Amino acid sequence: MQTLLFDGDKNLLPYQGEAFLFQQFFTKTECEVYFEELLNGIEWNQEPIKIFSKEVMQPRLTAWYGDSNKPYTYSGITMKPLRFTPALLAIKEKIEPLAKVKFTSALLNLYRDGKDSMGWHRDNEKELGTNPVIGSVSFGAARTFKLRHYENKKELRTIELINGSFLLMAGETQHYWEHQISKTSNQVGPRINITFRVIL
Ligand SMILES: O=C(O)CCC(=O)C(=O)O
Ligand SMILES: [Mn+2]
């Protein structure tokens, strides 16, 4: 039995939400194996999104997987999920005891380098219901993840999502806090992030 570093028992948010970070949730071997499997085995695409009625390409590659083929609408695009791969199922099963939910879908993001990013947003699509539990797993290069209070735009939490980390967001987080992965001018390699979700 491996020793897990449960540094995640402290809520990172001061109020109106819950975010727990487990820094080394996956072993070094799991990280290497899953990173390679996901990089080569996932059907990565660059999708356009609509910003003020203008179509622009997302600054990263994405993929959508799930346990059914129920479509999902996200930033104005409708994605039809592919079936969970064995690697995605194994990762999902490892985080579910902590998340205390059975995830049905996953959005995957591939940040090819420091120029790839994800802007401020909340995971608040109506398909996720109220107070969704989001299980976010990262492999590869570490990137900075920011959580900012949606209303006051001042309260900010900055965390490094390192290789093998697991971030669990729950409670009212998606109402009151927005999050982003900013661009960086640092030389960084590719990073894969998976956000597991429950689609109602
Ligand atoms: O890459 C990340 O850590 C964040 C991804 C994210 O926010 C999302 O997929 O909704
Ligand atoms: Mn998100």
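A: A polar contact is a pair of N or O atoms within 3.5 Å; within protein, one must be able to donate a hydrogen and the other to accept it, and residues adjacent in sequence count only if both atoms are side-chain atoms. In this predicted model, local features need pLDDT of at least 70 and side-chain atom pairs pLDDT 80 or more, while totals for chains, interfaces and linings use all residues. Side-chain values use heavy atoms, without hydrogens and water, residues are numbered from 1 along each chain as its sequence is written, and chains are lettered from A and ligands numbered from 1 in written order.

Q: Which side chains have a polar atom 2.9 Å or 3.2 Å from an oxygen atom of ligand 1?
A: For R197 the distance is 2.9 Å. D123 has a polar side-chain atom at 3.2 Å from a ligand oxygen, and a side-chain N or O atom of T195 also lies 3.2 Å from an oxygen of ligand 1.

Q: How much of the accessible area of ligand 1 does the protein cover?
A: Accessible area comes from the Shrake-Rupley method with a 1.4 Å probe. Ligand 1 has 300 Å² on its own, and the protein covers 99% of that.

Q: Which residues come nearest to ligand 1?
A: A residue is near if one of its heavy atoms lies within 4 Å. There are 14 residues around ligand 1, and N109, Y111, H179, R191 and R197 come nearest.

Q: Which element gives the largest share of the shell?
A: Strands are DSSP runs (E, at least two residues), numbered from the N terminus. β15 gives the largest share, four residues.

Q: What is the order of the strands in the open sheet of seven?
A: Two strands pair if DSSP finds at least two bridges between them. The order is β1-β13-β10-β15-β8-β4-β7, with mixed pairing. β1 (18-22) and β7 (82-83) are the edge strands, each pairing on one side only. β10 (residues 134-140) pairs with β15 in the antiparallel sense over six bridges, and F139 stands opposite I192 in β15.
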